[in-house]
Amino acid sequence: MSHNEQLAERYIASWNETDPLRRRMLIENVYAERIAYVDPMVQSKGWEAIDATIAAVQGMFPGHRFSLGGAVDAHHDTMRFTWHLTAPGSQEPLVIGFDVATVEDGRIREVYGFLDRVPAMP
């Protein structure tokens, strides 16, 4: 497994970690201190903000799990990958997204997230 594949796996693990202390350790290991994260729903800067963003998503989708949706593609300091968010006991993803991330000194410094499939709001 390449460094970028490992980094993407740890990135996904940070979104799945529900224990606040373990999640914070993952965040500090995976993301640059001045991480900039943006998707259609939120814009976050720094470890505190990304931690709050992850906690909020976990609150909106309790028990759901993120997973990589395919191979990680990378060149230079940039990688892209598809991810799935799946409900407990389901095989079909509820949400499908695509992230582009830049890497600096082995950690993610920027993430640009796109939502390809989201559930309809009641």
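This note goes through the pocket, aromatic pairs, salt bridges, surface patch and backbone of a predicted model.

1. Basis. Because the model is predicted, local features need pLDDT of at least 70 and side-chain atom pairs count only at pLDDT 80 or more, while totals for chains, interfaces and linings use all residues. Residues are numbered from 1 along each chain as its sequence is written, and side-chain values use heavy atoms, with hydrogens and water left out.

2. Largest pocket. The volume is about 530 Å³. Of its 21 lining residues, Met-41, Val-57, Met-60, Phe-61 and Leu-115 are the closest to the centre. Two or more lining residues come from each of helix 1 (3–16), helix 3 (47–60), strand 5 (78–86) and strand 6; helix 3 gives the largest share, four residues. A pocket is an open set of points on a 1 Å grid over the protein atoms alone where a 1.4 Å probe fits, with protein on both sides within 12 Å along at least five of seven lines; lining residues have an atom within 4 Å of a point. Volume is the space filled by probe spheres set on the points, which are joined across faces, edges and corners. Helices (H or I, at least four residues) and strands (E, at least two) are DSSP runs numbered from the N terminus.

3. Surface patch. Met-41, Leu-115 and Val-118 make a nonpolar patch of about 300 Å². Patch residues have over 30% relative accessible area and no salt bridge, and nonpolar side chains (Val, Leu, Ile, Met, Phe, Trp, Tyr) are joined within 5 Å. Areas come from the Shrake-Rupley method with a 1.4 Å probe, and for residues only the protein chains shown count as cover. Val-118 sits in the segment after strand 7 (107–117) and is partly exposed because its relative accessibility is 49%. The classes are buried under 20%, exposed over 50% and partly exposed in between (1.4 Å probe, protein chains only).

4. Aromatic pairs. There are seven in the structure. One of them, Phe-98 with Phe-114, is tilted, at 6.5 Å centre to centre and 55 degrees between the planes. It links strand 6 (residues 95–104) to strand 7, across 16 residues. Phe-98 is partly exposed at 24%, and so is Phe-114 at 44%. Rings of Phe, Tyr and Trp (its six-membered ring) pair if their centres lie within 6.5 Å; planes under 30 degrees apart are stacked, over 60 edge-to-face and the rest tilted. Separately, Tyr-11, Trp-15, Tyr-31, Tyr-37, Phe-66, Phe-81 and Trp-83 form one aromatic cluster.

5. Salt bridges. The search finds nine, with a side-chain nitrogen of Lys or Arg within 4 Å of a carboxyl oxygen of Asp or Glu as the criterion. Glu-48 and Arg-24 meet at 3.1 Å, N to O. This pair links helix 3 to helix 2, 24 residues apart. Glu-48 is exposed at 57%, whereas Arg-24 is buried at 19%. Asp-73 and Arg-80 form another bridge at 2.9 Å, N to O. Arg-109 and Glu-110 meet at 3.9 Å, N to O. Bridges with shared partners join Asp-77, Glu-104, Arg-109 and Glu-110 into one network.

6. Backbone. Which phi value does His-76 have? Phi of His-76 is near 50 degrees, positive in a residue other than glycine. Asp-105 also has a positive phi, near 50 degrees. Most residues other than glycine have a negative phi. His-76 lies in the loop between strand 4 (73–75) and strand 5, and Asp-105 in the loop between strand 6 and strand 7. His-76 is exposed at 80%, as is Asp-105 at 78%.

Conventions. Patch = residues over 30% accessible without salt bridge, like charges linked within 9 Å, V, L, I, M, F, W, Y side chains within 5 Å.
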